[in-house]
Amino acid sequence: MSAGPSILVVEDEPLISMMLEDFLDALGYRLAGAVDGVSEAMRHVEAGGFDAALLDVNLRDGETSWPIADALSQRGHPFVLATGGGNDSVPERHAGVPVLSKPYTLDGVREAFESLLNG
């Protein structure tokens, strides 16, 4: 088990979430939790105990991660936004947040979290 920073993953596709878990492990990060919706993610944000988060912008059933991003920003928790492009425009209030484009690659995840946690 890795002793690196812990990451909360918010991703609604189970196979993609598992791939991200593998990528994070390979990069030396710890998984703080993997959730697929806003309400569960908000419970994690309230509880804390993680170093950063990866937020898929568009979630199941029309949910978006903006409430989670807002809560993380208010608490000073760093996060990466993940987007498949298209209509995933980032609100001005989160314009400085690193964006990870889909499809995910190991190098893309590495670069996003190195920029976030070391930049």
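## Strands and how they pair

Two strands count as paired if DSSP finds at least two bridges between them. Helices (H or I, at least four residues) and strands (E, at least two) are DSSP runs, numbered from the N terminus. With that in hand, take strand β1 (residues 6–10) and strand β2 (residues 30–35): they run parallel and are joined by five bridges. To get from β1 to β2, the chain passes through helix α1 (residues 14–26), giving a right-handed β-α-β crossover. Right-handed here says that, with the strands pointing away from the viewer, the path from the first strand over the helix to the second runs clockwise.

## What the model is

This is a predicted model, in which local features need pLDDT of at least 70 and side-chain atom pairs count only at pLDDT 80 or more, while totals for chains, interfaces and linings use all residues. Residues are numbered from 1 along each chain as its sequence is written, and side-chain values use heavy atoms, with hydrogens and water left out.

## Overall build

The protein chain has four helices and five strands, and from the N terminus on they run β-α-β-α-β-α-β-β-α. Its radius of gyration, taken over C-alpha atoms, is 13 Å, close to the 14 Å from the globule rule (2.2 Å times the number of residues to the power 0.38) for 119 residues, so the chain is as compact as a globular protein of that length. Along the principal axes, the C-alpha atoms fill a box of roughly 35 × 30 × 30 Å.

## The sheet

The five strands make an open sheet, ordered β2-β1-β3-β4-β5, with parallel pairing. β2 and β5 (99–101) sit at the edges with a single partner strand each, so one side of each has no neighbour in the sheet. From one strand to the next, the twist averages 20°. Further in, strand β3 (residues 52–56) pairs with strand β4 (residues 79–83) over four bridges, in the parallel sense. Asp56 has Ala82 of β4 as its bridge partner.

## Two helices side by side

Helix α2 (residues 38–47) and helix α3 (residues 66–75) have axes that come within 10 Å and cross at roughly 10°. Axes are lines fitted to C-alpha atoms, for helices over the stretch in contact, and angles run from 0 to 180 degrees between N-to-C directions. The two helices are therefore roughly parallel to each other (angles under 35 degrees). Contact (heavy atoms within 4.5 Å) involves Val38, Ala41, Met42, Val45 and Glu46 of α2, plus Pro67, Ile68, Ala71, Leu72 and Arg75 of α3.

Most residues other than glycine have a negative phi, and most peptide bonds are trans. Asp61, in the loop between β3 and α3, has a positive phi of about 55° although it is not a glycine. The peptide bond from Lys102 to Pro103 is cis, with omega near 5°; Pro103 lies in the loop between β5 and α4 (106–118).

Key
Parallel < 35°, antiparallel > 145°, perpendicular 65-115°, else oblique.
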